[in-house]
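Please look over the model below before reading on.

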Amino acid sequence: MLPPRDDLHFLLFDWLQAGTLAEQPAFAHVDRDSMDAMIDAALDLAEAEFLPHAAKSDANPPTFNDGRVTIIPEVAQALAAYRESGFFGMQAPLDEGGLGLPYTLAAAIAGIFSCANVATNGYAFLTQAAANLIREVGSEDQKRRYLPALVEGRWFGTMCLSEPQAGSSLADIRTVAEPLPDGRYALRGNKMWISSGDHEMAENIVHLVLAKIPGGPPGSKGISLFLVPRMHVDGEGHVGVRNGVTLLGLNHKLGTHGQVNCLLGFGDEQTCIGELVGAPHDGLRGMFVMMNEARIGVGLGAAMGGYAGYRAALAYAKERRQGRAVNERDPATPMVPIIQHADVRRMLLRAKSYVEGSVALCLYAARLIDDAKADDAAAQDAQALADLLTPIVKAWPSDYALEANSIAIQVHGGAGYTRDFPVERLWRENRINAIHEGTNGIQAMDLLGRKLLGDGGKAFGLLSARVETTLAAARHDSALAPLADILSARWDKLGPAIQAAGKAARTDLDLALANAYLLLDAMGHAVVAWLWLDQAVCAATVLATGEPSASRRALLLGKQAAAQYFISWELPGKDAQLERFTAIDPLCRDLDAALL
Ligand SMILES: Cc1cc2nc3c(=O)[nH]c(=O)nc-3n(C[C@H](O)[C@H](O)[C@H](O)COP(=O)(O)OP(=O)(O)OC[C@H]3O[C@@H](n4cnc5c(N)ncnc54)[C@H](O)[C@@H]3O)c2cc1C
């Protein structure tokens, strides 16, 4: 299942006004027509090359034989077609040979491929992120030697942070990098869970590796970032002999089977040479270039995985016949499609509000990233908002689009629990998103500790101002005004909640952060409710100003129905949770572990 073209058009062009991005000099070459053409090309390619092998690669995970990883050939074939279409370089500027697309559009395109086949898309996603990191923090020499092949998609990228003993706590990594006389480094250590870590589908694999240079400061301040190619790269950017990176084993995962995941050894059998990226001991800052983008990508991947499940459930509910209306007494009448039962429509509307709300959240964040790069006064505010929202963008879809995948199974009844339908695979594939790129528990502490308390409330003030603008617009519409009142009452409770945590933090930071997840969850709901209201306002404007076709009218009214559902049925459900957070309840912090 792919995201419907009409929905992407509504989100990008009616709501986010992506057409105005062409006013930025960097995107002057991307007008509305070319944006449309890119989306069409992505939908066509995803349908032809990515979608068809999603189930096959799930059923046939990679194997490791005779020192080589074997992956079903359709994955390489799809990535070759992706390469030929230039999508590896969609975010790279024109002077690098890329397509120079704004991130808003690139994110939507990445979402299309992810929706079709998240595992195969994973190779492209990490390659693009690696190129972006090198462009941002690499030396001129590294850019010259590494970027062309990554932008073209001849070489693939990975990110190597985690180790068996250090996942959430990167300060505790043990991989070391000893300086060599020629200015390079010899790396020794193991990296766990490395997605796309070893395969034969690219001429080279560029690992971006976190390691510690001996003698550096302890903890996360002593982490440096290294470029470690699988095959050595000479001064001209040509591939040479093997470097000392060894595949120690494959991880056998719950989902995303098509994307190989490895335990890698560095310097195990032969010297492993790496090049320092950026300054020594400043590696986390560089890696955050990759991780922040990866976090928006994870949110979008989760949203799109949920979207695929929702669309599958919607199609099934229109076909599957079961039972009759409660007030139909004649058993001789034909059974009705299950979508005619109110409870099935409830499930579908709930799933729709989660997945389309998640897609909107992620694309809104992508637009902020573009706005932050503009040469105007609003750019700084856009960056502050993007930073604030990133933990929510990563975590909320990975919790709630996943719930939509579970609902999709429920809509299928017993059939949903079998491998005959894609919904169980989509649920398994989506389950990773709450775990990787920083677990949702870690995201919650980042949101509260760094983003809300760390900047003295500045970014939250900017966000609240945007919410106020939406509320004011909604209050002009009698149908939307009641929704504005519900949202406004909830938004007003966030400030006191954050203040309560700030007060607690002055004497006991541990206690202040103990219930951070409650805030992440409740604030995530409030943010998504705001974006739903904003979309409902936009839909009302489009309905009032034009004469939409029947299908477009249904799409716009569907947005308003989802907004109504989410704001009036879902949002108030978080009240008790926010109250518990504001009370700074010590229950979990002080609970004796022996009682669990
Ligand atoms: C399929 C898959 C793909 C991955 N891809 C990559 C990759 O490409 N590159 C890479 O570097 N890594 C990758 N990872 C690793 C991933 O980022 C880590 O699994 C994740 O960061 C969690 O680390 P961990 O597994 O060590 O769990 P732990 O850190 O041990 O966490 C276990 C639990 O404890 C909680 N916890 C831990 N510390 C705290 C704390 N201080 N406060 C509160 N709660 C805490 C966590 O939230 C979690 O619920 C991947 C993992 C998987 C499963």
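1. A backbone N or O atom of L161 sits 2.8 Å from an oxygen atom of the ligand. A polar contact here is a pair of N or O atoms within 3.5 Å; within protein, one must be able to donate a hydrogen and the other to accept it, and residues adjacent in sequence count only if both atoms are side-chain atoms.

2. Two side chains follow. An N or O atom in the side chain of S162 lies 2.7 Å from a nitrogen atom of the ligand. An N or O atom in the side chain of T439 is 2.6 Å from an oxygen atom of the ligand. The ligand exposes 970 Å² when taken alone, and the protein buries 61% of that. Accessible areas come from the Shrake-Rupley method with a 1.4 Å probe; for residues, only the protein chains shown count as cover.

3. A word on the source. This is a predicted model: local features need pLDDT of at least 70, side-chain atom pairs count only at pLDDT 80 or more, and totals for chains, interfaces and linings use all residues. Residues are numbered from 1 along each chain as its sequence is written, and side-chain values use heavy atoms, with hydrogens and water left out.

4. Helices (H or I, at least four residues) and strands (E, at least two) are DSSP runs, numbered from the N terminus.

5. Now the second largest pocket. Its volume is about 1000 Å³, the space filled by probe spheres set on grid points joined across faces, edges and corners. On a 1 Å grid over the protein atoms alone, a pocket is an open set of points where a 1.4 Å probe fits, with protein on both sides within 12 Å along at least five of seven lines; lining residues have an atom within 4 Å of a point. Of the 35 lining residues, E136, V289, E293, I369 and K373 are the closest to the centre. α8 provides the largest share of the lining, 6 residues.

6. Last, A171. This residue is in the loop between β3 and β4 (176–179). A171 is partly exposed, because its relative accessible area is 26% (buried is under 20%, exposed over 50%, partly exposed in between; 1.4 Å probe, protein chains only).
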